[in-house]
Amino acid sequence: MVNSSPVLATLPPDLDSDRLPKHVAAIMDGNGRWARRQGMPRVMGHRRGVDALKDLLRCCKDWGIPALTVYAFSTENWRRPSHEVDFLMTLFEQVLRREMAEMMAENIRIRFVGNLEALPRSLQAEIARSMAETQQNQDVEFTIATNYGGRQEIVQACRAIAHQVKAGKLDPDDIDENIFEQHLYTWGLSHPDLLIRTSGEMRISNFLLWQMAYAEIYVTNTTWPDFDREQFHQALLDYQQRERRFGKVGKVL
Ligand code: IPE
Ligand code: IPE
Ligand code: MG
């Protein structure tokens, strides 16, 4: 997989390898609009979106970016027509099954975050298998947010902490940011440095609300199926122009 894309197979020379984001998050938006523009049903955009995702994952490996988290299905996406939801659930399962051998060969660790218990049973089984089998892999931490909602994640963390307090295992005064983080789905992952959203929408749509506190946000008008290595290159160039201040005074002042 590493050498399968000859275009930009290695890190472009205008990028500084020491200042790459360690964790990139992506809101893969615009599949439906992409398909409609081609005169195809919306779901064909989801199918093509998988190809764009595979190439981005490969690119992270090729360019040395150790973590990629993508938004595949939000807690609000159940509101879509049932045929689209069913298509997506089936697609997730098919892709997982089809790509497992390659994930192993490429040393990619797969993790799913979200309320996974509400997903179809056969998908849950495939998810559990993929997470267990790739657990020791280390080249890229690949996280897929499925039936994920930032508010839901925060509420379930509060509930888990409340149970610990009730059981006498935790003193409320000991609750701090670190304890709270331990109850998030993403525990153990670094916070995203860069969030990319495709298709021009300037919103977070309930993605990684806690974790995104200091992420740099990059929005492109390109729809997700057209987001390729050159687009990613542009996003990284933009990221490397940013001054991340984390509340401190800027360098020029
Ligand atoms: C993103 O593309 C994929 C999912 C939400 C699953 P959309 O399906 O939201 O595409 P648009 O935004 O309607 O074009
Ligand atoms: C966000 O996209 C969710 C995913 C990409 C999975 P949406 O298309 O659902 O977001 P909104 O509805 O435009 O905010
Ligand atoms: Mg959308």
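Guide: The model is predicted. The helix is H4, residues 121-133. It has 13 residues. From first C-alpha to last, H4 reaches 18 Å, close to the 18 Å expected at 1.5 Å a residue.

Which residues of H4 are buried? They are Leu123, Gln124, Glu126, Ile127 and Ser130. Seen down the axis of H4, these buried residues fall within an arc of 165°, so they line one face of the helix.

Next, the cover over that face. It includes helix H3 (82-105) and strand S3 (108-113).

Now the helix pair. H3 and H4 pack at an angle of about 20°. Their axes lie 10 Å apart. Angles under 35 degrees count as roughly parallel, so H3 is roughly parallel to H4. The crossing of the two helices is left-handed.

The contact can be read residue by residue. H3 contributes Met89, Phe92, Glu93, Leu96, Arg97, Met100 and Met104. On the H4 side, they meet Ser122, Leu123, Glu126, Ile127, Arg129, Ser130 and Glu133. Among these, Leu123, Glu126, Ile127 and Ser130 are also buried residues of H4.

One more residue of the helix deserves a stop. Ala128 sits in H4. Is it buried, partly exposed or exposed? Ala128 is partly exposed, because its relative accessible area is 45%. Ala128 and Asp55 are 73 residues apart in sequence. In space, C-alpha to C-alpha, Ala128 and Asp55 are 24 Å apart.

How values were computed. Residues are numbered from 1 along each chain as its sequence is written. Chains are lettered from A and ligands numbered from 1 in the order in which they are written. This is a predicted model: local features need pLDDT of at least 70, side-chain atom pairs count only at pLDDT 80 or more; totals for chains, interfaces and linings use all residues. Side-chain values use heavy atoms; hydrogens and water are left out. Helices (H or I, at least four residues) and strands (E, at least two) are DSSP runs, numbered from the N terminus. The expected span of a helix is 1.5 Å times one less than its number of residues. Buried means under 20% relative accessible area, exposed over 50%, partly exposed in between (1.4 Å probe, protein chains only). The arc is that of the directions from the helix axis to the C-beta atoms. Contact means heavy atoms within 4.5 Å. Axes are lines fitted to C-alpha atoms, for helices over the stretch in contact, and angles run from 0 to 180 degrees between N-to-C directions. Angles under 35 degrees count as roughly parallel, over 145 as roughly antiparallel, 65 to 115 as roughly perpendicular and the rest as oblique. A crossing is left-handed if the near helix is turned anticlockwise from the far one by less than a right angle, and right-handed if clockwise.
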